[in-house]
Amino acid sequence: MATEGPAGQSPSRSKRADAQRNRQTVLTAAAEVFVTSGVDAPIRQIATRAGVGMATIYRHFPTRADLVTAVYHHQIEACAQAGPNLLASADSPLDALRQWIDLFVDFLVTKHGLADALQSDNERFAALHAYFLDRLLPVCAQLLDAAVEVGDIRPGTQPYELMRGIGNLCIGRDNDPRYDPRRLIALLLQGLRRPPTS
């Protein structure tokens with residue numbers, strides 16, 4: 001019979017919990033490093049940020065493509081789960097939509113360079129893109145519908161069009177420090193507002 005750890009857990013359960021924590025720590029650190037240094041950043045830099053050894057990273061993610069894919073999945077899930085939470089906690093559906101779009105823009109910045117990193121693995125990239133749409137389109141639709149329902153924005157905006165437009169506005173951010181896509185995204189959202197009734 002296995003002995004229990006200090007928290008009343010068996011050693012194997014405790015090891016699994018530690019491994020899961022390490023994995024999450026690596027994913028968070030990798031996402032942060034990718035924002036500043038791109039997906040080709042040295043693994044050593046990610047290990048330092050995560051406070052783990054390089055062997056830990058390779059144990060969870062044997063290849064760079066595995067790591068980049070996992071970060072992408074992790075960010076999609078965080079963005080998807082944030083939508084309903086923001087809708088429940090924000091002052092209005094429009095505020096929830098604005099905050100979610102901020103997270104979505106952060107996600108797009110993290111995603112920078114993903115296509116190049118997975119260039120040799122097109123099937124994996126196609127599957128990730130489908131997963132991205134499957135998870136995020138319904139969340140965007142829910143936020144838009146809620147804002148329309150209370151009269152914050154006019155009806156007729158398609159979630160795919162909005163997400164695609166935001167993605168297009170984010171292009172070029174890395175090449176021009178004078179360009180801030182968030183300013184144009186704020187204008188885009190302002191254009192969605194329902195005009196006040198006189």
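The axes of H5 and helix H9 (residues 181–192) come within 12 Å in this predicted model and cross at roughly 145°. The crossing of these two helices is right-handed. From H5, the contact draws on Leu-97, Arg-98, Ile-101, Asp-102, Val-105 and Asp-106. H9 contributes Arg-182, Ile-185 and Leu-189. By class, the residues of this contact comprise 5 nonpolar and 4 charged, with no polar ones.

H5, which spans residues 93–110, also packs against helix H8 (residues 159–170). Here the angle is about 50°, and the axes lie 10 Å apart. H5 is therefore oblique to H8. H5 passes H8 in a right-handed crossing. On the H5 side, the residues in contact are Trp-100, Ile-101, Phe-104, Val-105 and Leu-108. They meet Leu-162, Met-163, Ile-166, Gly-167 and Cys-170 of H8. This contact holds 9 nonpolar residues and 1 polar residue, and no charged residue. Ile-101 and Val-105 of H5 are listed in the contact with H8, and both are also listed in the contact with H9.

The chain as a whole is built from helices. It contains 9 helices and 0 strands. Read from the N terminus, the order of elements is α-α-α-α-α-α-α-α-α. The chain has 198 residues, of which 34% are buried. Contacts between residues at least 6 apart in sequence were also examined by separation. Of these, 65% join residues at least 24 apart.

Two loop positions illustrate such placements. Val-52 sits in the loop between helix H2 (43–50) and helix H3 (54–60). Its relative accessible area is 17%, under the 20% cut-off, so Val-52 counts as buried. Leaving aside residues up to four places away in sequence, Val-52 touches Asn-22, Val-26, Ala-47 and Ile-57. Thr-25 is 27 residues from Val-52 in sequence. In space, the C-alpha atoms of Val-52 and Thr-25 are 8.7 Å apart.

Lys-111 occupies the loop between H5 and helix H6 (114–117). With a relative accessible area of 28%, Lys-111 falls between the 20% and 50% limits and is therefore partly exposed. Lys-111 and Ile-76 are 35 residues apart along the chain. Their C-alpha atoms are separated by 10.0 Å.

The cysteines were examined for disulfides. The count comes to 0. Cys-79 takes part in no disulfide. The cysteine sulfur nearest to that of Cys-79 belongs to Cys-140, 9.3 Å away. For Cys-140, the closest cysteine sulfur is in turn that of Cys-79. A disulfide requires the sulfur atoms to be within 2.5 Å, so 9.3 Å is too far for a bond. Cys-79 is buried because its relative accessible area, 3%, is under 20%. Cys-140 is buried as well, with a value of 0%.

Conventions:
Residues are numbered from 1 along each chain as its sequence is written. This is a predicted model: local features need pLDDT of at least 70, side-chain atom pairs count only at pLDDT 80 or more; totals for chains, interfaces and linings use all residues. Side-chain values use heavy atoms; hydrogens and water are left out. Axes are lines fitted to C-alpha atoms, for helices over the stretch in contact, and angles run from 0 to 180 degrees between N-to-C directions. Helices (H or I, at least four residues) and strands (E, at least two) are DSSP runs, numbered from the N terminus. Angles under 35 degrees count as roughly parallel, over 145 as roughly antiparallel, 65 to 115 as roughly perpendicular and the rest as oblique. A crossing is left-handed if the near helix is turned anticlockwise from the far one by less than a right angle, and right-handed if clockwise. Contact means heavy atoms within 4.5 Å. Ala, Val, Leu, Ile, Met, Phe, Trp, Tyr, Cys and Pro count as nonpolar, Asp, Glu, Lys and Arg as charged, and the others, Gly among them, as polar. Buried means under 20% relative accessible area, exposed over 50%, partly exposed in between (1.4 Å probe, protein chains only).
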